[in-house]
Amino acid sequence: MSFVVAIDGPAAAGKGTISRAIAAHFGFQHLDTGLLYRAVGARVEAGEDAVAAARTLTPNDMARDDLRTPAIAAAASRVATRPEVRQALVEFQQSFARLPQGAVLDGRDICSVICPDAEVKLYVTASAEVRAERRYQELSQSGMSLTREGVLEDVLARDARDMGRADAPLVAAPGATILDTSQMGIDEAVAAAIAEVERAGPP
Ligand code: CDP
(Lines give C-alpha, C1' and ligand atoms only; values in the text may rest on other atoms or scores of the structure.)
Protein backbone atom coordinates (compact mmCIF):
# COMPACT_ATOMS: atom_id res chain seq x y z
CA MET A 1 0.00 0.00 0.00
CA SER A 2 1.37 3.42 -0.86
CA PHE A 3 0.58 6.84 0.60
CA VAL A 4 1.65 9.93 -1.33
CA VAL A 5 2.14 13.49 -0.18
CA ALA A 6 2.46 15.76 -3.24
CA ILE A 7 3.87 19.26 -2.71
CA ASP A 8 4.18 22.00 -5.32
CA GLY A 9 5.06 25.66 -5.13
CA PRO A 10 7.22 28.45 -6.53
CA ALA A 11 10.97 28.90 -6.04
CA ALA A 12 12.21 28.97 -2.44
CA ALA A 13 8.75 28.61 -0.91
CA GLY A 14 10.02 26.17 1.73
CA LYS A 15 8.87 22.97 0.01
CA GLY A 16 12.15 21.21 0.75
CA THR A 17 12.14 21.91 4.48
CA ILE A 18 8.48 21.00 4.80
CA SER A 19 8.91 17.82 2.72
CA ARG A 20 11.89 16.62 4.76
CA ALA A 21 10.02 17.28 8.01
CA ILE A 22 6.94 15.35 6.82
CA ALA A 23 9.14 12.45 5.67
CA ALA A 24 10.94 12.32 9.03
CA HIS A 25 7.70 12.61 11.03
CA PHE A 26 5.79 9.87 9.20
CA GLY A 27 8.71 7.66 8.10
CA PHE A 28 8.12 8.34 4.38
CA GLN A 29 10.78 8.52 1.66
CA HIS A 30 11.37 11.97 0.15
CA LEU A 31 12.15 12.90 -3.46
CA ASP A 32 13.17 16.48 -4.24
CA THR A 33 12.16 16.43 -7.92
CA GLY A 34 13.81 19.81 -8.50
CA LEU A 35 17.14 18.02 -8.17
CA LEU A 36 16.33 15.95 -11.27
CA TYR A 37 15.86 19.12 -13.32
CA ARG A 38 18.91 20.73 -11.70
CA ALA A 39 21.01 17.66 -12.60
CA VAL A 40 19.84 17.86 -16.23
CA GLY A 41 20.53 21.61 -16.22
CA ALA A 42 24.06 20.99 -14.93
CA ARG A 43 24.80 18.53 -17.72
CA VAL A 44 23.46 20.99 -20.30
CA GLU A 45 25.72 23.70 -18.86
CA ALA A 46 28.58 21.24 -19.45
CA GLY A 47 27.63 21.04 -23.12
CA GLU A 48 25.26 18.07 -23.36
CA ASP A 49 21.91 17.85 -25.07
CA ALA A 50 19.04 18.26 -22.58
CA VAL A 51 16.92 15.34 -23.74
CA ALA A 52 19.88 12.94 -23.91
CA ALA A 53 20.92 14.03 -20.40
CA ALA A 54 17.40 13.53 -19.00
CA ARG A 55 17.23 10.04 -20.50
CA THR A 56 20.54 8.97 -18.97
CA LEU A 57 20.48 10.64 -15.55
CA THR A 58 22.43 8.74 -12.89
CA PRO A 59 22.59 8.90 -9.07
CA ASN A 60 26.02 10.55 -9.46
CA ASP A 61 24.44 13.43 -11.40
CA MET A 62 22.09 14.01 -8.48
CA ALA A 63 24.93 13.96 -5.96
CA ARG A 64 26.92 16.86 -7.48
CA ASP A 65 27.63 19.55 -4.93
CA ASP A 66 26.95 22.51 -7.23
CA LEU A 67 23.27 21.81 -7.94
CA ARG A 68 22.03 24.50 -5.52
CA THR A 69 23.71 27.43 -7.27
CA PRO A 70 21.58 30.14 -8.92
CA ALA A 71 23.18 29.37 -12.32
CA ILE A 72 22.09 25.74 -12.15
CA ALA A 73 18.61 26.75 -10.89
CA ALA A 74 18.20 28.95 -13.97
CA ALA A 75 19.50 26.16 -16.25
CA ALA A 76 17.03 23.75 -14.59
CA SER A 77 14.08 26.00 -15.27
CA ARG A 78 15.14 26.35 -18.92
CA VAL A 79 15.41 22.58 -19.52
CA ALA A 80 12.15 22.10 -17.59
CA THR A 81 10.22 23.89 -20.36
CA ARG A 82 11.00 21.01 -22.77
CA PRO A 83 8.28 18.34 -22.94
CA GLU A 84 10.75 15.55 -23.90
CA VAL A 85 12.87 16.34 -20.85
CA ARG A 86 9.83 16.23 -18.55
CA GLN A 87 8.60 13.01 -20.17
CA ALA A 88 11.96 11.31 -19.60
CA LEU A 89 11.65 11.95 -15.85
CA VAL A 90 8.03 10.88 -15.31
CA GLU A 91 8.53 7.17 -14.81
CA PHE A 92 11.24 7.53 -12.17
CA GLN A 93 9.08 9.95 -10.18
CA GLN A 94 5.95 7.82 -10.43
CA SER A 95 7.73 4.65 -9.36
CA PHE A 96 9.24 6.51 -6.40
CA ALA A 97 5.69 7.51 -5.44
CA ARG A 98 4.71 3.83 -5.25
CA LEU A 99 7.28 2.97 -2.56
CA PRO A 100 5.40 0.88 0.01
CA GLN A 101 6.56 2.89 3.03
CA GLY A 102 4.94 6.09 1.73
CA ALA A 103 6.46 8.97 -0.22
CA VAL A 104 6.71 12.75 -0.24
CA LEU A 105 7.52 14.34 -3.59
CA ASP A 106 8.03 18.07 -4.02
CA GLY A 107 8.30 20.10 -7.21
CA ARG A 108 6.15 22.06 -9.62
CA ASP A 109 3.84 19.48 -11.26
CA ILE A 110 3.52 16.78 -8.63
CA CYS A 111 -0.16 17.45 -7.78
CA SER A 112 -1.10 18.25 -11.37
CA VAL A 113 0.81 15.70 -13.49
CA ILE A 114 2.98 13.20 -11.58
CA CYS A 115 0.65 12.16 -8.74
CA PRO A 116 -2.83 13.61 -9.38
CA ASP A 117 -4.32 10.93 -7.10
CA ALA A 118 -2.04 11.69 -4.15
CA GLU A 119 -3.65 11.28 -0.73
CA VAL A 120 -2.40 14.75 0.26
CA LYS A 121 -1.82 17.69 -2.09
CA LEU A 122 -0.23 20.90 -0.89
CA TYR A 123 0.65 24.13 -2.67
CA VAL A 124 3.25 25.89 -0.56
CA THR A 125 3.82 29.54 -1.33
CA ALA A 126 4.92 32.90 0.10
CA SER A 127 5.39 36.40 -1.27
CA ALA A 128 8.28 36.78 -3.71
CA GLU A 129 10.09 39.11 -1.28
CA VAL A 130 9.87 36.62 1.58
CA ARG A 131 11.00 33.76 -0.64
CA ALA A 132 13.91 35.75 -2.03
CA GLU A 133 15.02 36.73 1.48
CA ARG A 134 14.94 33.08 2.62
CA ARG A 135 16.91 31.97 -0.44
CA TYR A 136 19.38 34.83 0.07
CA GLN A 137 20.00 33.71 3.67
CA GLU A 138 20.33 30.06 2.65
CA LEU A 139 22.79 30.69 -0.18
CA SER A 140 24.87 33.26 1.66
CA GLN A 141 25.19 30.90 4.63
CA SER A 142 26.56 28.28 2.29
CA GLY A 143 29.31 30.72 1.34
CA MET A 144 28.04 32.16 -1.96
CA SER A 145 28.43 35.84 -2.55
CA LEU A 146 25.25 37.39 -3.90
CA THR A 147 23.01 40.40 -3.51
CA ARG A 148 19.40 40.43 -2.29
CA GLU A 149 18.32 42.19 -5.50
CA GLY A 150 20.02 39.54 -7.65
CA VAL A 151 18.34 36.70 -5.76
CA LEU A 152 14.92 38.38 -6.07
CA GLU A 153 15.45 38.84 -9.81
CA ASP A 154 16.39 35.16 -10.20
CA VAL A 155 13.36 34.01 -8.22
CA LEU A 156 10.97 36.22 -10.24
CA ALA A 157 12.48 35.12 -13.56
CA ARG A 158 12.19 31.47 -12.61
CA ASP A 159 8.60 31.88 -11.34
CA ALA A 160 7.62 33.54 -14.63
CA ARG A 161 9.22 30.76 -16.69
CA ASP A 162 7.76 27.96 -14.51
CA MET A 163 4.23 29.45 -14.47
CA GLY A 164 4.25 30.50 -18.11
CA ARG A 165 5.45 27.34 -19.85
CA ALA A 166 3.02 25.36 -22.00
CA ASP A 167 3.85 21.90 -20.61
CA ALA A 168 3.08 21.24 -16.92
CA PRO A 169 3.13 24.88 -15.79
CA LEU A 170 3.28 25.57 -12.06
CA VAL A 171 -0.29 25.94 -10.76
CA ALA A 172 -2.15 25.27 -7.55
CA ALA A 173 -3.81 22.06 -8.76
CA PRO A 174 -7.50 21.42 -8.14
CA GLY A 175 -7.88 19.85 -4.71
CA ALA A 176 -4.55 21.17 -3.41
CA THR A 177 -4.55 22.92 -0.03
CA ILE A 178 -2.78 26.27 -0.25
CA LEU A 179 -0.28 26.94 2.51
CA ASP A 180 0.91 30.56 2.41
CA THR A 181 3.95 30.76 4.66
CA SER A 182 4.65 34.50 4.19
CA GLN A 183 3.77 35.21 7.82
CA MET A 184 4.89 31.88 9.29
CA GLY A 185 8.12 30.73 10.83
CA ILE A 186 9.40 27.36 9.69
CA ASP A 187 8.07 25.51 12.78
CA GLU A 188 4.59 26.86 12.20
CA ALA A 189 4.67 25.98 8.50
CA VAL A 190 5.87 22.44 9.25
CA ALA A 191 3.17 21.99 11.92
CA ALA A 192 0.46 23.14 9.49
CA ALA A 193 1.69 20.73 6.82
CA ILE A 194 1.87 17.81 9.27
CA ALA A 195 -1.69 18.59 10.43
CA GLU A 196 -2.82 18.44 6.79
CA VAL A 197 -1.24 14.99 6.36
CA GLU A 198 -2.79 13.80 9.64
CA ARG A 199 -6.24 14.79 8.34
CA ALA A 200 -5.79 12.38 5.41
CA GLY A 201 -5.28 9.43 7.80
CA PRO A 202 -1.72 8.29 7.05
CA PRO A 203 -0.95 4.56 7.45
O1 CDP B 1 14.29 24.82 -4.57
P2 CDP B 1 13.57 25.65 -5.60
O3 CDP B 1 12.11 25.74 -5.34
O4 CDP B 1 14.20 26.99 -5.82
O5 CDP B 1 13.79 24.92 -7.01
P6 CDP B 1 13.71 23.38 -7.36
O7 CDP B 1 12.51 22.75 -6.75
O8 CDP B 1 15.03 22.75 -7.08
O9 CDP B 1 13.47 23.39 -8.95
C10 CDP B 1 14.40 23.94 -9.87
C11 CDP B 1 13.68 24.14 -11.20
O12 CDP B 1 13.32 22.87 -11.74
C13 CDP B 1 12.35 24.90 -11.12
O14 CDP B 1 12.51 26.31 -11.23
C15 CDP B 1 11.53 24.31 -12.26
O16 CDP B 1 11.79 24.97 -13.47
C17 CDP B 1 12.06 22.90 -12.39
N18 CDP B 1 11.16 21.88 -11.82
C19 CDP B 1 10.08 21.48 -12.59
O20 CDP B 1 9.84 22.00 -13.67
N21 CDP B 1 9.26 20.48 -12.15
C22 CDP B 1 9.47 19.90 -10.96
N23 CDP B 1 8.66 18.91 -10.56
C24 CDP B 1 10.55 20.32 -10.15
C25 CDP B 1 11.37 21.33 -10.61
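Me: Buried means under 20% relative accessible area, exposed means over 50%, and partly exposed lies in between (1.4 Å probe, protein chains only). Why is Ala12 called buried?

Reply: Ala12 has 8% relative accessibility. That is under 20%, so Ala12 counts as buried.

Me: What kind of model is this, and how are residues numbered?

Reply: This is a predicted model, with residues numbered from 1 along each chain as its sequence is written. Local features need pLDDT of at least 70, side-chain atom pairs count only at pLDDT 80 or more, totals for chains, interfaces and linings use all residues, and side-chain values use heavy atoms, with hydrogens and water left out.

Me: Where is Ala12, and what makes its phi worth a look?

Reply: Ala12 sits in the loop between strand 1 (4-8) and helix 1 (15-26). Helices (H or I, at least four residues) and strands (E, at least two) are DSSP runs, numbered from the N terminus. The phi of Ala12 is near 60°, a positive value in a residue other than glycine. Most residues other than glycine have a negative phi.

Me: Which other alanine has a positive phi?

Reply: Ala168 has one, of about 50°. Ala168 lies in the loop between helix 9 and strand 5 (177-180).

Me: Is Ala168 buried or exposed?

Reply: Buried, because its relative accessibility is 11%.

Me: Which side chains have an N or O atom at 2.6 Å or 2.7 Å from a ligand oxygen?

Reply: Arg38 has one at 2.6 Å. Arg86 has one at 2.7 Å.

Me: How much of the ligand does the protein cover?

Reply: The protein covers 97% of the 530 Å² of accessible area that the ligand has on its own. Such areas come from the Shrake-Rupley method with a 1.4 Å probe; for residues, only the protein chains shown count as cover.

Me: Which elements give two or more residues to the shell around the ligand?

Reply: Helix 2 (34-45), helix 5 (70-79) and helix 9 (148-164) do. Helix 2 gives the most, with three residues.

Me: How many residues surround the ligand, and what makes a residue near?

Reply: 18 residues surround the ligand. A residue is near if one of its heavy atoms lies within 4 Å. The closest are Arg38, Arg86, Arg135, Arg158 and Asp162.

Me: Why is Asp8 called buried?

Reply: Asp8, in strand 1, has 1% relative accessibility, so it counts as buried.

Me: How do you know that Phe3 is buried?

Reply: Phe3 lies in the segment before strand 1. Its relative accessible area is 3%, so Phe3 is buried.

Note on methods
A polar contact is a pair of N or O atoms within 3.5 Å; within protein, one must be able to donate a hydrogen and the other to accept it, and residues adjacent in sequence count only if both atoms are side-chain atoms.
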